[in-house]
Amino acid sequence: LYALYHPLVQYWVGRVPDLRDESEDLFHEVLTAVVRNIPRFDRRHPGSFRAWLRVITVNRIRESVRKRRNRPLVGVGGDGTEHFLARLEDPHSDLAAEWEAEHNRRVLERLYAVVRTDFEPKTWDMFRAVVLDGREVGEVARECGVSEAMVFQAKSRILKRLRQE
């Protein structure tokens with residue numbers, strides 16, 4: 001959980017003015033809330049965990065802003081911050097869509113980093129060229145000096161390993 005969600009939560013906390021210095025503490029509060037409440041978490045559909053995490057993050061940021069009311073800082077706790085948090089909390093907002101995209105990007109980066117070491121560099125390069133760069137299998141095969149079947153096999157093996165992870 002730490003390796004996967006720490007950068008994501010810190011990114012969003014960092015977008016709230018004057019809370020950047022508290023991003024580590026806020027992340028630990030989010031993680032504590034997740035661990036305490038995971039027995040009650042009800043996965044209803046794909047993506048519900050990341051939506052739940054987004055709401056917990058918003059709530060921890062709000063709580064931090066409330067605590068600072070006695071110590072006002074420019075930009076914190078004003079209408080701008082609350083508007084930002086309300087948009088982030090709303091599952092249909094542009095910020096919720098951005099959270100989803102950022103979450104997916106970070107999960108894929110993490111998966112790629114874990115799985116990449118299981119394969120030869122040439123195998124990974126073929127996979128990257130076809131799947132990530134969207135290049136034609138035939139073009140990649142010619143460039144790498146292998147058959148198209150080998151490119152398909154590289155793609156299949158890595159996708160299988162990614163699904164396992």
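**The interior and its surroundings**

Guide: Of the 165 residues in the protein, 37% are buried, a word that here means under 20% relative accessible area, with exposed meaning over 50% and partly exposed the range in between (1.4 Å probe, protein chains only). The model is predicted, so local features need pLDDT of at least 70 and side-chain atom pairs count only at pLDDT 80 or more, while totals for chains, interfaces and linings use all residues. Residues are numbered from 1 along each chain as its sequence is written, and side-chain values use heavy atoms, with hydrogens and water left out.

The protein contains 8 helices and 0 strands, where helices (H or I, at least four residues) and strands (E, at least two) are DSSP runs numbered from the N terminus. Its radius of gyration is 21 Å, whereas a compact globule of 165 residues would have one near 15 Å; this radius is taken over C-alpha atoms, and the globule rule is 2.2 Å times the number of residues to the power 0.38. Along the principal axes, the C-alpha atoms fill a box of roughly 70 × 35 × 30 Å. If we take the contacts (heavy atoms within 4.5 Å) between residues at least 6 apart in sequence, 62% of them join residues at least 24 apart.

Now to the interior itself. In soluble globular proteins, nonpolar side chains tend to be buried together. A nonpolar core is here a set of buried Ala, Val, Leu, Ile, Met, Phe, Trp, Tyr and Cys residues joined through side-chain atoms within 4.5 Å. The largest such core has 23 residues, and those with the most contacts inside it are Trp12, Leu19, Leu53, Ile61, Phe84 and Leu88. At least two residues of this core come from each of helix H1 (2-13), helix H2 (23-37), helix H3 (48-67), helix H4 (79-89) and helix H5 (94-116). Of these, H3 gives the most, with 6 residues. A second, separate core has 9 residues, including Met126, Val137, Ala141 and Val146.

Neighbours within four places in sequence aside, leucine 53 is in contact with Tyr5, Leu8, Val30, Val34 and Trp99. Valine 16, by comparison, is 37 residues from leucine 53 in sequence and 17 Å from it in space, C-alpha to C-alpha. Phenylalanine 84, another of the residues named for that core, touches Trp12, Arg15, Val16 and Leu95 when residues up to four places away in sequence are not counted.

Histidine 6 lies in helix H1, and with a relative accessible area of 11% it is buried as well. Beyond its neighbours within four places in sequence, histidine 6 is in contact with Leu1, Glu24 and Phe27. The C-alpha atoms of histidine 6 and serine 23, which are 17 residues apart in sequence, are 9.5 Å apart in space.

Phenylalanine 127 is buried, with a relative accessible area of 1%, and, leaving out residues up to four places away in sequence, it touches Tyr112, Leu132, Lys155, Ile158, Leu159 and Leu162. From phenylalanine 127 to arginine 50 there are 77 residues in sequence and 27 Å in space, C-alpha to C-alpha.

Threonine 123 is also in helix H6, and its 12% relative accessibility makes it buried. Not counting residues up to four places away in sequence, threonine 123 touches Ala154, Arg157 and Ile158. Proline 121 is likewise found in helix H6, but this residue counts as exposed because its relative accessibility is 56%.
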